[in-house]
Amino acid sequence: MLARMNIGPYSLANPFFVAPMAGVTDRPFRQLCKKLGAAYAVSEMLSSRPDLWHTPKSARRANHEGESGPIAVQISGTQATMMADAARYNIDCGAQVIDINMGCPAKKVCNQWAGSALMQDEARALSIIEAVVGACAPRGVPVTLKMRSGWSPEQRNALNLARDAERAGVQMVVVHGRTRAQGYRGEAEYETVAAVKAALKIAVVANGDIDTPAKACQVLRRTGVDAVMIGRAAQGRPWIFREMAHHLATGESLAPPLVAEVRQLLLAHLQVHYSLYGEVLGVRTARKHIGWYLRDLPGASEFLNAMHLIADCERQTDAVAGFLDELGARTERLPNPTDSSTAQQVQTSMEVTT
Ligand SMILES: Cc1cc2nc3c(=O)[nH]c(=O)nc-3n(C[C@H](O)[C@H](O)[C@H](O)COP(=O)(O)O)c2cc1C
């Protein structure tokens, strides 16, 4: 039985977290994952550049109206003072935990020395960590750090950086078991995260390629980490978190969800999505979520091709409802995902779509 973990004053109900994914883990999706069992969710990254804070995209990301706590916001940048200011700004907007992004390999982030590029320059990384902790501590806001196993196979420095981060006052470290050089290629390894866990007193979380309840429980047991963080496997499958909690509690698999429940969840997700993004952007950005929910179902590719031509909320909702009604007439439960690797293949181009 795993001990219940805390991030600062927040006690988390289980060890299954949603990973921050720009363009995916917006407020509607985070809320849905939490409702379906994720104990914790981190926002999409927000830039530390103040000139970007009031763009529609950043303003939307910094809006946490109605979000259940703890509200964790990830910030990304290259300058310690700007990162400290960004932490203060996001606390003013409702952030209860500040996460520092040192894991994202997207070029747009790395060219500016942000994201995982910071792992190449440990001194700069540490100055950012110290500045952010310095800004958050007086407000009682815990700081967490998300990183990769290292910059490259030759410079697998997660352990060094994690030790420094712990000394600087970071309260939780997430390690994605790939180096920056790997991008999303190859398989994530968990030895590095196990070594970080063994060396630190603060909470340590494993991330990367955890795509089934059985694998989540195996990684928890084998590495001794406090929690696991799920990214791509939650896309279109937010109920994976309750499946993981069930597997951890019983050792058994839950039956796939009823088609009627998926219909209800997806239609409700779409409504909240439209109200956040508005009609034009909402319909466009909803397509990827709909694609993820439906991709493995019979007839999905034809349906999705046709759906891409729809440009209004009502017709998009009706089309999705019709597709799931037809499926529901044929089968009570969602067919088992053919193979967890399908999800990974669909997402081969991991460029952040923001
Ligand atoms: C579309 C997409 C966007 C992402 N955006 C972020 C981000 O904003 N911040 C971050 O730290 N990681 C980001 N990541 C990385 C994920 O948080 C996670 O570390 C990675 O996908 C590995 O976990 P997984 O195998 O469970 O997907 C992103 C990943 C994807 C696929």
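D209 is located in the loop that connects strand 10 (203–207) to helix 8 (213–223), where helices (H or I, at least four residues) and strands (E, at least two) are DSSP runs numbered from the N terminus. The model is predicted, and local features are reported only at pLDDT of at least 70, side-chain atom pairs only at pLDDT 80 or more, whereas totals for chains, interfaces and linings use all residues. Residue numbers start from 1 along each chain as its sequence is written.

Most residues other than glycine have a negative phi, and most peptide bonds are trans. D209, although not a glycine, has a positive phi of about 60 degrees. G69 and P70 are joined by a cis peptide bond with omega of about -10 degrees, and P70 lies in the loop between helix 2 (56–61) and strand 6 (72–76).

The chain comprises domain 1 (6–250) and domain 2 (259–330), with bounds taken from an automatic or database domain assignment. The centres of the two domains, calculated over C-alpha atoms, are 29 Å apart. Seven residues from domain 1 and nine residues from domain 2 form the contact, two residues being in contact if their C-beta atoms, placed from the backbone, lie within 7 Å. On the side of domain 1 that touches domain 2, helix 1 (residues 27–35) gives the most, with three residues. That side of domain 1 consists of two nonpolar, two polar and three charged residues; Ala, Val, Leu, Ile, Met, Phe, Trp, Tyr, Cys and Pro count as nonpolar, Asp, Glu, Lys and Arg as charged, and the others, Gly among them, as polar.

The axes of helix 10 (residues 259–277) and helix 11 (residues 279–294) come within 8 Å and cross at roughly 150 degrees; axes are lines fitted to C-alpha atoms over the stretch in contact, and angles run from 0 to 180 degrees between N-to-C directions. Helix 10 is therefore roughly antiparallel to helix 11, a description applied to angles over 145 degrees. The contact involves V262, L266, H269, L270, H273, Y274 and Y277 of helix 10, together with E279, L281, G282, T285, A286, H289 and Y293 of helix 11. By class, this contact has eight nonpolar, five polar and one charged residues.

The ligand is surrounded by 25 residues, of which A19, M21, A22, G231 and R232 are the closest; a residue is near the ligand if its C-beta atom, placed from the backbone, lies within 6 Å of it. The shell around the ligand contains 12 nonpolar, nine polar and four charged residues.

Key
Parallel < 35°, antiparallel > 145°, perpendicular 65-115°, else oblique.
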